[in-house]
Amino acid sequence: MSEEKTRVDFNAPRSLVERADRAADLLDISRTQLLIDALQDELAELTNNDEFRNRLEQAYYDGRADYQTIEDLLGTEAAMRVKLLRDSIDRAPPEPVLDDELPSDDEFYEGEVETWSDSDESDA
């Protein structure tokens, strides 16, 4: 099933368009296909670039990019990792609560204190 298409109109330097047309003619493809291929290649290169990925992740943490954007650009697995990390950063750590009083030093340290010994000595 073919993906829905959208029309894109942009201005480019005439010399660049002429170069693209010559390349498309040599490849026996349309200018549109050449531009689609070039855009896909550029996006693939960007998503493998650490600096771009860091900027994208930071935009997600700051609320400037949504989950769908991350998933579209980096894939589901990477998007889930970024989401889980943000969720863990946003969550306040639980505070420990004691049910009873702490034992006194005497209660805590009462009895004989075990000492460590080398296993070779204990075998002898």
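Good morning. The structure is a prediction, in which local features need pLDDT of at least 70, side-chain atom pairs count only at pLDDT 80 or more, and totals for chains, interfaces and linings use all residues. Residues are numbered from 1 along each chain as its sequence is written, and side-chain values use heavy atoms, with hydrogens and water left out.

I begin with confidence. The term pLDDT stands for the predictor's confidence in each residue, on a scale from 0 to 100. For this protein the mean pLDDT is 88, and 95% of the residues reach 70 or more. I shall refer to helices by number; they are DSSP runs (H or I, at least four residues), as strands are (E, at least two), numbered from the N terminus. Among the elements of the protein, the highest mean pLDDT, 97, belongs to helix 1, residues 14-27. The lowest, 60, belongs to helix 7, residues 119-123.

Let us turn to the aromatic rings. A pair of such rings is described by the distance of the centres and the angle of the planes. Rings of Phe, Tyr and Trp (its six-membered ring) pair if their centres lie within 6.5 Å; planes under 30 degrees apart count as stacked, over 60 as edge-to-face, and the rest as tilted. How many aromatic pairs does this rule give? The count comes to two. In one of them, the planes of Tyr60 and Tyr61 stand at 55 degrees with the ring centres 6.4 Å apart, so this pair is tilted. The other arrangement is edge-to-face: Phe108 and Tyr109 lie 4.9 Å centre to centre, with 85 degrees between the planes.

How well are these residues covered? I call a residue buried under 20% relative accessible area, exposed over 50%, and partly exposed in between (1.4 Å probe, protein chains only). Tyr60 is buried because its relative accessibility is 3%. Tyr61 has a relative accessible area of 26% and is therefore partly exposed. Phe108 and Tyr109 are both exposed.

The charged end of Arg86 sits over the ring of Tyr60, 4.0 Å from the ring centre. The rule here asks that NZ of Lys or CZ of Arg be within 6 Å of the ring centre and within 35 degrees of the ring normal.

The next topic is charge pairing. Side chains of opposite charge can pair when their charged atoms come close. A salt bridge is counted when a side-chain nitrogen of Lys or Arg is within 4 Å of a carboxyl oxygen of Asp or Glu. By this rule there are four salt bridges, and I shall present some of them.

One of them joins Arg31 and Asp21, whose closest N and O atoms are 2.6 Å apart. This pair links distant parts of the chain, with Arg31 in helix 2 (residues 31-47) and Asp21 in helix 1, 10 residues apart. Arg31 is partly exposed at 40% relative accessible area, and Asp21 is partly exposed at 24%.

Another joins Lys83 to Asp87, at 3.2 Å from N to O. Why are these two separated by about one helical turn? The reason is that Lys83 and Asp87 are four residues apart in helix 5, residues 76-90. Lys83 is partly exposed at 31% relative accessibility, as is Asp87 with 30% relative accessible area. Lys83 also leads us back to Tyr61: their C-alpha atoms are separated by 8.6 Å, although the residues are 22 apart along the chain. Tyr61 itself is found in helix 3, residues 50-61.

A further salt bridge is formed by Asp62 and Arg64, with 3.3 Å between the closest N and O atoms.

Finally, I consider the loop between helix 1 and helix 2, where Asp28 lies. Most residues other than glycine have a negative phi. For Asp28, however, phi is positive, near 60 degrees. Asp28 has a relative accessible area of 70%, so this residue is exposed. Leu26, in helix 1, is also exposed, because its relative accessibility is 78%. Between Leu26 and Leu39 there are 19 Å in space, C-alpha to C-alpha, and they are 13 residues apart in sequence.

Thank you for your attention.
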